[in-house]
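Please open the structure in a viewer and keep the selection tool at hand.

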Amino acid sequence: MTKSDKIDQPHSNPQGYSIENRIDIEAAYEEHARSLRNFLLGVLRNESLVADVLQGTFLKLMQQRDSIRDRAALKSWLFQVAYNDAIVVKRKKAVVVKHQEKVAWRSDAIRADPLSPADRTLHEEQTRFVREAIASLSPQQRAVVQKRIYEGMKFREIADALDVPLGTVLARMQSSLKKLRPLFED
Amino acid sequence: MTEIERQNDPHWETFQYVAGELPLAQQQDFETRLESDQALRQQVAKMVSGLAIVADELQPIVSLRSTAMENDREPQATFWRPVRRVFLGVAALIAIGTLAIALTNRTEDMATDSIAVAWADSLEEESFQEFDVDVDFAVDVDFDEYELAAIEPTVGLESDDESDWIFDAIVAVEAMKN
């Protein structure tokens with residue numbers, strides 16, 4: 001039995017669910033926390049709020065895991081709960097917008113979780129792919145990508161800094177992202 | 001963004017949302033879809049993790065090429081930057097050396113000037129000293145006016161018009177005696 005299939009099923013049940021068929025919180029955290037954290041960073045762009053919402057989501061999982069029918073529904077359930085809580089926080093606190101990090105994907109939290117061997121292999125492959133993709137960019141494209149993704153400058157700021165039209169900056173960024181597309185797909 | 005545009009490039013809108021670049025109305029529309037679209041949520045998660053890898057790989061490039069990229073110049077142009085620096089350094093050293101030499105010469109000139117001033121001052125002092133006529137000598141010796149006129153005046157008296165009245169006084173005193 002793999003780690004991802006870690007659901008206690010001591011008694012078979014025609015519906016695939018029994019009172020002892022409980023979600024393993026630890027296993028669920030190992031499988032979904034990283035992806036969930038990245039999702040929340042994309043929504044909130046605030047590291048401390050992300051940590052709060054993530055913690056709250058798994059706390060609710062502990063409290064409501066009996067209501068979850070099976071493992072297949074677990075991921076969707078987690079993302080749904082996390083998103084609902086994130087939007088409530090985002091719309092309540094205007095300060096969230098003011099203190100949003102310029103570059104959410106540079107958050108230390110993304111790099112904090114240890115990688116499993118399988119994840120480490122995937123990460124190495126992705127890194128290799130990214131290096132090749134960046135090398136294939138034109139200097140003009142690379143300048144825009146560097147300023148937007150690494151430095152976190154807004155597109156308007158980049159247009160001013162490079163003294164090119166905003167549309168040119170957007171076009172360069174969009175064409176660069178197309179070269180990186182496999183990185184963003186399942 | 002239209003539905004057709006989304007289908008053509010689904011990642012572009014997701015990137016804009018994650019980067020905070022969507023206009024407010026479009027951001028709200030995106031979040032409405034996030035409420036029920038699990039695939040879109042996973043796309044957001046994938047976008048963030050992918051951009052993290054890109055940012056990590058961009059880091060070494062920033063320190064070496066950022067200035068060239070900013071001006072859309074070819075990276076090879078940066079070769080000339082250190083050469084220019086060396087040239088400017090040498091030029092600065094030459095300028096400093098020239099200035100030092102000029103200052104040294106000026107100092108010597110100033111010293112010479114000082115000596116000249118001091119000599120001139122000493123000349124004035126001598127003339128002042130020469131101006132101090134030995135009146136006793138003028139009184140004790142009997143000179144008639146012709147003999148007095150024949151006396152060669154001293155250096156200081158000769159050049160000092162104001163001393164004529166002393167000479168006249170001496171003559172007058174002699175005249176009275178006679």
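Begin with the lining of the largest pocket, whose residues divide into 11 nonpolar, 9 polar and 11 charged. In this division Ala, Val, Leu, Ile, Met, Phe, Trp, Tyr, Cys and Pro count as nonpolar, Asp, Glu, Lys and Arg as charged, and the others, Gly among them, as polar. The model is a predicted one, in which local features need pLDDT of at least 70 and side-chain atom pairs pLDDT 80 or more, while totals for chains, interfaces and linings use all residues; side-chain values rest on heavy atoms, without hydrogens and water. Residues are numbered from 1 along each chain as its sequence is written, with chains lettered from A and ligands numbered from 1 in the order in which they are written.

Next, select Glu31(A), Arg34(A), Ser35(A), Leu115(A) and Asp119(A), which lie nearest the centre of the largest pocket among its 31 lining residues. The elements that give two or more residues to this lining are H1 (25–44), H5 (108–112) and H6 (117–135) of chain A, together with H4 (38–70) of chain B. These helices are DSSP runs (H or I, at least four residues), numbered from the N terminus. H1(A) gives the most, with 9 residues. The space in the pocket comes to about 1100 Å³. A pocket here is an open set of points on a 1 Å grid over the protein atoms alone, where a 1.4 Å probe fits, with protein on both sides within 12 Å along at least five of seven lines; lining residues have an atom within 4 Å of a point.

Now colour the two chains separately and turn to their contact (heavy atoms within 4.5 Å). It takes 53 residues from chain A and 41 residues from chain B. Select Trp105(A), Tyr150(A) and Phe184(A): they supply 15% of the area that chain A buries against chain B, more than any other three residues. Together the chains bury about 4600 Å², 63% of it on carbon and sulfur atoms; buried area is the accessible area (1.4 Å probe) lost on putting the two parts together, summed over both.

Which side chains meet in a salt bridge at 3.8 Å, N to O? Those of Glu31(B) and Arg91(A) do. Between chain A and chain B the count is 5 salt bridges (a side-chain nitrogen of Lys or Arg within 4 Å of a carboxyl oxygen of Asp or Glu).

Finally, select Arg45(A), in the loop between H1 and H2 (47–64) of chain A. Its phi is near 55°, a positive value in a residue other than glycine. Arg45(A) is buried (under 20% relative accessible area), at 8%.

Methods
Grid points are joined across faces, edges and corners, and a volume is the space filled by probe spheres set on the points. Buried means under 20% relative accessible area, exposed over 50%, partly exposed in between (1.4 Å probe, protein chains only).
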